[in-house]
Amino acid sequence: MALLSINDIHVYYGVIEAIKGISFEVNQGEIVTLIGANGAGKTTILHTITGLIPPKSGLIELEGVDLTKTPAHKIVSMGIAHVPEGRRVFQQLSVYDNLLLGAYTRRDKAGINNTLSKVYESFPRLKERRNQVAGTLSGGEQQMLAMGRALMSAPKIMLLDEPSMGLSPLLVAEIFDIIKKVNESGVTVLLVEQNAKMALEIASRAYVLETGRIVMSGDAKELSTNDQVKKAYLGG
Amino acid sequence: MSFLNYLISGLSLGSIYALIALGYTMVYGIAKMLNFAHGDIIMVGGFTVFTAISSFQFSPAISIITGIIVCTVLGVVIEKVAYKPLRNASSLSVLITAIGVSYLLQNLALLIFGSSSQNFSSVVTMKPWQINKQLVISGETIVTIIVTTAIMIALTLFVNKSKPGKAMLAVSEDKGAAQLMGINVNKTISVTFAIGSALAAVAGILLCSLYPQINAYTGQMPGIKAFIAAVLGGIGSIPGAMIGGILLGIIENLSKAYISTQLADAISFAVLIIVLIIKPTGILGKKITEKV
């Protein structure tokens, strides 16, 4: 059984149909990526999974449990952590407070401290800057904080929305390295990216989105050699 | 009367404005709405204590607790019934609804208590403090300053140190991201209204003890003044509301003493206009860059 399965969801913004019946699944331990151009509906899908935008129809299941109608604030405690587009860290709060808010729904103090030291281990820079106000961090550091904050909930699956956005190539490589490590530590990853080249490199499987529909899917390595994908998303 | 005397009574009036302004600013920060019925909660608090003492012969302490509970419940109910259904409506609709709720509360008070002012017996039993021949500080003034200072310290600690407080800061900054952390936004808004209304109740009781009269419009002017204080300090900012309130109270009292009693309110409004021209976001207000 898939860890996360999306079955024929339709999402509307007013009268405009943004997602026109999409189905896909993510298995335990995988990195799956959704690639596609701007406006293809990648972010909308993630928002629908975490309940920020309700779908008009369709089914979203985590380990067979239906969470289509679950309100957004109850999703994280079910095991889905969402690193939103543009990081959206709490600018006025310290790095430490941001991380603790990531563990907002957890009650086990010892467990939280344990996760916190693991997050500090993966992101030493966050430890150095733990008392700094998040708004003063650089873009790359904010991305790390957003990911660290998501990991604080000890998720089964992490949804990542455009983690490379606005970062230098060097930082992008560093972030993708961390994503791989997070995955190796046992967290399943659903990655949404415009940087298709990087995404296909670390993913095991990929889905290609075009204006609200999945037009192609398969093994990430195979897709990266596919002529159509190359031409449309990998710059020839 | 000495300058120091005017300053101290200005400080106590200002700290009452600050208490009310905190309700305005917290609700604005969390729910992004101006709750113009907030001033009338003051009046409800005053009338509850008035009724508890004069009709039910409750002790002052029990009356105060009753007043705070009634206002807290009322604030939460108003939010649930009047504002929550409009969560996704335009801010103009919410504003008009808030003004409607304000009139509703005032007219209910008119219906129950009539239009003439009632004498409010102060809940403060402390004796005036005679420092020297010129300087006498009333018990109400002393109690007001002590109570408001304690509340402001407690509130600052609650918001910055406690888990629900940090959740409030998170919701005020980014509702969506807060939900992703597992924070229940509706619950946070309810808590904010509860705290704001409880503070308004305390403010109302202190205000009626300082100026021992009450009628259906008692909350109107202090409500507007506190709104000015919140904007002056930077709406959405908790320390801003405290500073704005205290400044406004002192300015108002000193204007009354040295310039003109009739012009005091005009001067308060003029100060607001000047500050907003120089710094449109208020004293501690942050520049907000809208993200697209």
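Two strands count as paired if DSSP finds at least two bridges between them. By that rule strand S4 (residues 57-62) of chain A, in this predicted model, is paired with S5(A), since 2 bridges join S4(A) to S5(A) and the two run antiparallel. One of the residue pairs involved can be named, for the bridge partner of Leu62(A) in S5(A) is Val65(A). The pairing belongs to an open sheet of 4 strands in chain A, with the order S2-S1-S4-S5 and antiparallel pairing. Strand S2 (16-26) and strand S5 (65-66) of chain A stand at the edges of this sheet, and each has a single partner strand, so one side of each is left without a neighbour in the sheet.

Parallel pairing is found elsewhere in chain A, around strand S3 (residues 31-36). S3(A) is joined by 5 bridges to strand S8 (residues 188-193) of chain A, and these two run parallel; here Thr33(A) has Leu191(A) in S8(A) as its bridge partner. With strand S9 (residues 205-210) of chain A, S3(A) again pairs in the parallel sense over 5 bridges, and Val32(A) has Arg205(A) in S9(A) as its bridge partner. In a regular strand the side chains alternate between the two faces of the sheet. In S3(A), Ile31(A), Thr33(A) and Ile35(A) point one way, whereas Val32(A), Leu34(A) and Gly36(A) point the other way, and all of them are buried. The strand is accordingly described as mostly covered, with 6 of its 6 residues buried.

Because 12 of the 13 residues of H6(A) are buried, the helix is largely enclosed by the rest of the structure. What covers its buried residues includes strand S6 (80-83), helix H3 (95-102), helix H4 (109-122), helix H5 (124-128), strand S7 (157-161) and helix H7 (169-184) of chain A. The buried residues of H6(A) include Gln142(A), Leu145(A), Ala146(A) and Arg149(A), and these four are also among the residues that Val89(A) touches, when residues up to four places away in sequence are not counted.

Val89(A) has its place in the loop between S6 and H3 of chain A. Its relative accessibility is 2%, and because buried means under 20%, Val89(A) counts as buried. The C-alpha atoms of Val89(A) and Ala232(A), 143 residues apart along the chain, are separated by 32 Å.

How many residues does each chain bring to the contact between chain A and chain B? Chain A gives 22 residues and chain B gives 18 residues. The area buried between the two chains is about 1900 Å², of which carbon and sulfur atoms give 61%. On the side of chain A, His73(A), Phe90(A) and Tyr104(A) lose the most area to chain B, together 34% of what that side buries.

The largest nonpolar core has members in both chains: of its 79 residues, Phe90(A), Leu101(A), Leu19(B), Leu22(B), Tyr83(B), Leu155(B) and Ile183(B) touch the most other members. Its largest share, 13 residues, comes from helix H8 (residues 185-210) of chain B. Leaving aside neighbours within four places in sequence, Ile183(B) is in contact with residues that include His73(A), Leu101(A) and Tyr104(A), together with Ala167(B) and Val171(B). A second, separate core of 48 residues includes Ala103(A), Met158(A), Ala203(A) and Tyr233(A).

Cys71(B) counts as buried at 0% relative accessibility, and Cys208(B) counts as buried at 1%. Asn253(B), in helix H10 (residues 238-258) of chain B, is buried with a relative accessible area of 10%. Apart from its neighbours within four places in sequence, Asn253(B) is in contact with Tyr6(B), Ser9(B), Gly10(B) and Leu13(B).

Conventions
Residues numbered from 1 in each chain as written. Chains lettered and ligands numbered in written order. Predicted model: local features only at pLDDT ≥ 70, side-chain atom pairs only at ≥ 80, totals over all residues. Heavy atoms only, no water. Buried < 20%, exposed > 50% of the residue type's maximum accessible area, 1.4 Å probe, protein only. Contact = heavy atoms within 4.5 Å. Core = buried A, V, L, I, M, F, W, Y, C linked by side-chain atoms within 4.5 Å. Buried area = accessible area lost by both parts, 1.4 Å probe.
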